[in-house]
Number of protein chains: 4
Amino acid sequence: MTYKIAILGASGYTGAELVRLIASHPSIEIAALSGNSKAGQSMAQVFPHLRHLDLPTLTTIEDVDFAGIDLAFCALPHKTSQEVIAKLPRDLKIVDLSADFRLRDPQAYKTWYGNDHAAPELQEEAVYGLTEFYRDEIAKARLVAGTGCNAATGQFALRPLISAGVINLDEIIMDLKCAVSGAGRSLKENLLHAELSEGAHAYAVGGTHRHLGEFDQEFSALAGRPVQVQFTPHLIPANRGILATTYVKGDPKAIHKALEIRYVNETFIEVLPMNEHPSIRHVRGSNFCHIGVVADRRDGHAIVIAALDNLTKGSSGQALQNANLMLGLPETEGLMMAPLFP
Amino acid sequence: MTYKIAILGASGYTGAELVRLIASHPSIEIAALSGNSKAGQSMAQVFPHLRHLDLPTLTTIEDVDFAGIDLAFCALPHKTSQEVIAKLPRDLKIVDLSADFRLRDPQAYKTWYGNDHAAPELQEEAVYGLTEFYRDEIAKARLVAGTGCNAATGQFALRPLISAGVINLDEIIMDLKCAVSGAGRSLKENLLHAELSEGAHAYAVGGTHRHLGEFDQEFSALAGRPVQVQFTPHLIPANRGILATTYVKGDPKAIHKALEIRYVNETFIEVLPMNEHPSIRHVRGSNFCHIGVVADRRDGHAIVIAALDNLTKGSSGQALQNANLMLGLPETEGLMMAPLFP
Amino acid sequence: MTYKIAILGASGYTGAELVRLIASHPSIEIAALSGNSKAGQSMAQVFPHLRHLDLPTLTTIEDVDFAGIDLAFCALPHKTSQEVIAKLPRDLKIVDLSADFRLRDPQAYKTWYGNDHAAPELQEEAVYGLTEFYRDEIAKARLVAGTGCNAATGQFALRPLISAGVINLDEIIMDLKCAVSGAGRSLKENLLHAELSEGAHAYAVGGTHRHLGEFDQEFSALAGRPVQVQFTPHLIPANRGILATTYVKGDPKAIHKALEIRYVNETFIEVLPMNEHPSIRHVRGSNFCHIGVVADRRDGHAIVIAALDNLTKGSSGQALQNANLMLGLPETEGLMMAPLFP
Amino acid sequence: MTYKIAILGASGYTGAELVRLIASHPSIEIAALSGNSKAGQSMAQVFPHLRHLDLPTLTTIEDVDFAGIDLAFCALPHKTSQEVIAKLPRDLKIVDLSADFRLRDPQAYKTWYGNDHAAPELQEEAVYGLTEFYRDEIAKARLVAGTGCNAATGQFALRPLISAGVINLDEIIMDLKCAVSGAGRSLKENLLHAELSEGAHAYAVGGTHRHLGEFDQEFSALAGRPVQVQFTPHLIPANRGILATTYVKGDPKAIHKALEIRYVNETFIEVLPMNEHPSIRHVRGSNFCHIGVVADRRDGHAIVIAALDNLTKGSSGQALQNANLMLGLPETEGLMMAPLFP
């Protein structure tokens, strides 16, 4: 059986990545594509790399016919997403890739995003989309909130350690190196090739990045007490990939063991042998996340490093993985492609 | 039915690319991998991006058991390839990715490669592997010679024009821009990141590049008279992709028409609308070749531009396409993945 | 003696490059900087790499006090430049970096730029700023028009060949590879890092690039008859540099000789030994232009390749070289820094 | 007066960077260049970007005539340097860029480098070359040991904080992002463009990087007690630059103040306004180091970020700054060029 899906916001990078992935998916078919600013154009015009595919023309959201659509992916900007989803049919399954439904607490949402939520009842309904940790809820959910790409990377490295009680919860530092596609196709000076190439700089330094809201929510729930990590993302001159270097206090072997045990049956999470560590170039274009643990020279300190592709495992791949679950398909279907290297 | 294949020389970029492609192929299974300098290592050690796959350990060629192998890909260095293939079982189907069997004429081979051919009878047997133009011969062949990646790109742009008689055969200039993976994983100063990034330079200028041997052979055969093009490759700071800008004399519309007619039924060759032209970023990681034609301001001059991924359509993707034909499988099987962008 | 200069339009890349160069100049002092959209900001805010310098705050053009200013550099957008310069004091020396005064013929200007010139009398007054070929006129000029960066590169390769009569004037093809800073700091999708990195594509194909207006004007004047070259620029994933590969018909040795003779006394133009050719990475950040000649395998064909830094020798370095002449300073003052490699 | 210098090991990146800098120096002249593996070649052959300079041909070290040489820069590999320097004239001033004389304690040297020091008396004589902190000793020294490029970056961020007693000495984490030229011109797979571009990975994780020896030595001496920082360098796809993100515990304002006070009179160290932070693209090719301090959302935590160019301020620029002091020249002579951006 083939399911029909719509992609709302198909003219951005995560939308295009969904099309790339679904084009090879044996049980899912793209029935509608919206992109308000490019409505009327073909995907080949907006994304020439997809020109070999037979795809619906981009329309406005209003012109999408949701009858017969089994599931919609919303790859819309923050804030827009909650407004659009509030108006969609109530029986439509939805995977949202925006930040709008990641935080469960309306107050936390307001703190991090600066405005009241426009659809609090949907906020309550939404399931947090970190597949490996919310699998059962996602399978039953109508509305799933894709995680932040940085938030996913950091959680893959740290959740098993918090659950296993093997690290000091008050001394966690995450230093992330993020490729530029995470910033989307937005026209900003510091995303220009001439500025970014040969550049590298931190951003949202000091605890102001919105993905911290997700870390606070998830790590605190897991620990049963407030946990606040220190988190500094850096932009590096690469297109895809997030490398999360996390500094924790605990026994390195116990840490490695906790990760191995937790992920032994997870198809997409690869825990490297002790003292090996990953590179973003080895996960590019794939749904895999590589995690390594290295012992520091000082006893009781460890470095845990996780790498994934922000557009795939960090966003559109995760979304498809969740959609598979919601549609009753094998979770890994359409997602087993190997990384592209070099 | 599943066919078993071996990859000889799996520790280079084209070998790894074959593994990447075949890992998603429904009817082909990797039964053996050789890599003399890395024998005894796992592919995960040599290419960590493939660590999620269950692959045979690398062995020496001598240790490969060819019983039960349906087809071998040879991704070995030039000269080594002819020596190795000469010793392989005579009933083994072989797709060779080296330059050793591309030229049919022993004298031409010696001229371009500097040595006598070690296996002239195999040279005679080999079929030139430009799938779209040698499809029937390839399907029946035992030994197929993969084309040069530059040679493939230039031929996709020019063969239909020569066949259709719409361009001046004595005034063809090809200016190629080649990404660095075409040079393989060899340790040379000018392939270092610090040298190539922010660099761009021509190489093999003046008609000394060995792929010219292929152009001379193929274009002359096609035209029924000697054809010598001018060909200048340039190294650019990118990892994958070849952009061939060809300058020809003829009627631009007739040229565009000739390409459209020739490729209308070819799955992997996309002829863009008149006056549009391609970019390597839109074919990366895929088996597609995009071709565009633009009319020059001066009557009777046209620019024909072709773009493909040197490791995929220019090498390992072509090899798999040929293997599909040789094994009686659908030609496009395992090759329909969309390009990776951005 | 120290001369005081103003830079109008200091918030773009060519403006910043002028500041970088003049900061080390022993006889020139920056007295005023304008940047209408960033007026009121310090240069350190707009260009943090200049934060160590003691520079005037950015103002609007209206707020620049031209009393005591010896020379103004105009690094303003096309069209704006002619309007602004028309209102500047008539005794102020001006080096314009825009395209507004490059073409001498009002009709040619209209053809290439689409509008009537707003200051035709200044257009007539302006001297074309290719220093090595208009040195005497520039020294006496009040208004000098900086050349296009592509136009400079192509002319350095070809002018001596046209003058010496050693090439066929009807068969000249220029294939240029241009780094992205040539497009300025403008916010366009195809200038984003995620789009350009791993990309390479032609633009303005078919003879529509405005720098062709300069080639037509200059080469025809030189030859005493109409000369129309074929010219295709390509964007490559690098920040600085233009590599011009020109295909010409003539005797390679005569061509090399013509270049050597013409440039033997030129400080900034390096003619490489016969059959060597340049790379953009070896001129980056400098005012040097490297030129090489290679004989093609077919008699009577040669490839002439020129490389320079589009922001330095192609634009702001050229502008400073011209300003030196106009102020009676040594032509090379402040311009002898070596390229930055790697 | 002009001083004559020799550069031993001029065929590597730091050697070439010395030539670039000294070429513009008004009081220093290059009298000899050695490069054993390239002896007999001109610098133009080894580094074409220096072809406009009139330089001595490369010789072997044995063929350098040290009579008349005022100072030698040794840009030789580790271990080789101590052997060569031991044989040089005892009255020759030397700036060594290798790691051989950075550690004062022979036992610490053996621990980090694995061998006994071949010239312990020179090791004792050598002055640590972090100019801003050893200025007086350097001015009087005969042998100065250039610091590690990572070691310099981290010390610029942290020394004033340790001296001022404003941070917790037991909780210092340094996460460095290093461009690839820091690895030199060595031929290694992971330095190839195809591997590094689109890559990012940690290396020497867990406290094994040799520059930790310098941190231990310097920070402990400064604190008057053992200090062991945690230090993880990462390779990023850029050519020049080090970004050191340091995580410290202390009052952010006191930290910022301590840096401002310490560096107020230092020409090359720029402390940014509170809560601003630097990028490597704004120091490239220059001798400047930019430092920023940002307060974390959690009281008592701060992020201190330092950026410099590893080849200039981190190596050859530092070396020239020290040579200026040793020769009695103004410390900043030949070093005031602005960064190259973009």
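Biologist: Helices (H or I, at least four residues) and strands (E, at least two) are DSSP runs, numbered from the N terminus. With that convention, between which elements of chain A does the loop that holds Glu198(A) lie?

Modeller: This is a predicted model, in which local features need pLDDT of at least 70 and side-chain atom pairs count only at pLDDT 80 or more, while totals for chains, interfaces and linings use all residues. Residues are numbered from 1 along each chain as its sequence is written, chains are lettered from A and ligands numbered from 1 in the order in which they are written, and side-chain values use heavy atoms, with hydrogens and water left out. Glu198(A) is not a glycine, although its phi is positive at about 65°, and the loop that holds Glu198(A) runs between H8 and E9.

Biologist: With which residue of chain D does Glu198(A) form a salt bridge?

Modeller: A salt bridge is counted where a side-chain nitrogen of Lys or Arg is within 4 Å of a carboxyl oxygen of Asp or Glu, and eight of them are found across the interface of chain A and chain D. In the one formed by Glu198(A), the closest N and O atoms are 3.8 Å apart, and the partner is Arg284(D).

Biologist: How much area do chain A and chain D bury between them?

Modeller: The size of an interface is often given as the accessible area lost when the parts come together, and here the loss is taken with a 1.4 Å probe and summed over both parts. In terms of contact (heavy atoms within 4.5 Å), 52 residues of chain A meet 52 residues of chain D. Carbon and sulfur atoms give 50% of the buried area, which comes to about 4,300 Å².

Biologist: Which residues of chain B lose the most area to chain A?

Modeller: The contact takes 32 residues from chain B and 31 residues from chain A. About 2,800 Å² is buried between these two chains, with 64% of it from carbon and sulfur atoms. On the side of chain B, 24% of what is buried comes together from Arg51(B), Leu340(B) and Pro342(B).

Biologist: What is the omega of the cis peptide bond that joins Phe341(B) and Pro342(B)?

Modeller: Pro342(B) is placed in the segment after helix H11 (312-326) of chain B. In chain D, Phe341(D) and Pro342(D) are likewise joined by a cis peptide bond, with omega about -5°. For the bond between Phe341(B) and Pro342(B), omega is about -5°.

Biologist: With which residue of chain B does Arg51(A) form a salt bridge?

Modeller: Between chain B and chain A the count is two salt bridges. In the one that involves Arg51(A), the closest N and O atoms lie 3.4 Å apart, and the partner is Glu270(B).

Biologist: Why is H7(B) described as roughly perpendicular to H10(B)?

Modeller: Axes are lines fitted to C-alpha atoms, for helices over the stretch in contact, and angles run from 0 to 180 degrees between N-to-C directions. Angles under 35 degrees count as roughly parallel, over 145 as roughly antiparallel, 65 to 115 as roughly perpendicular and the rest as oblique. Helix H7 (residues 149-164) and helix H10 (residues 252-263) of chain B have axes 9 Å apart and pack at an angle of about 105°. That angle is why H7(B) and H10(B) count as roughly perpendicular.
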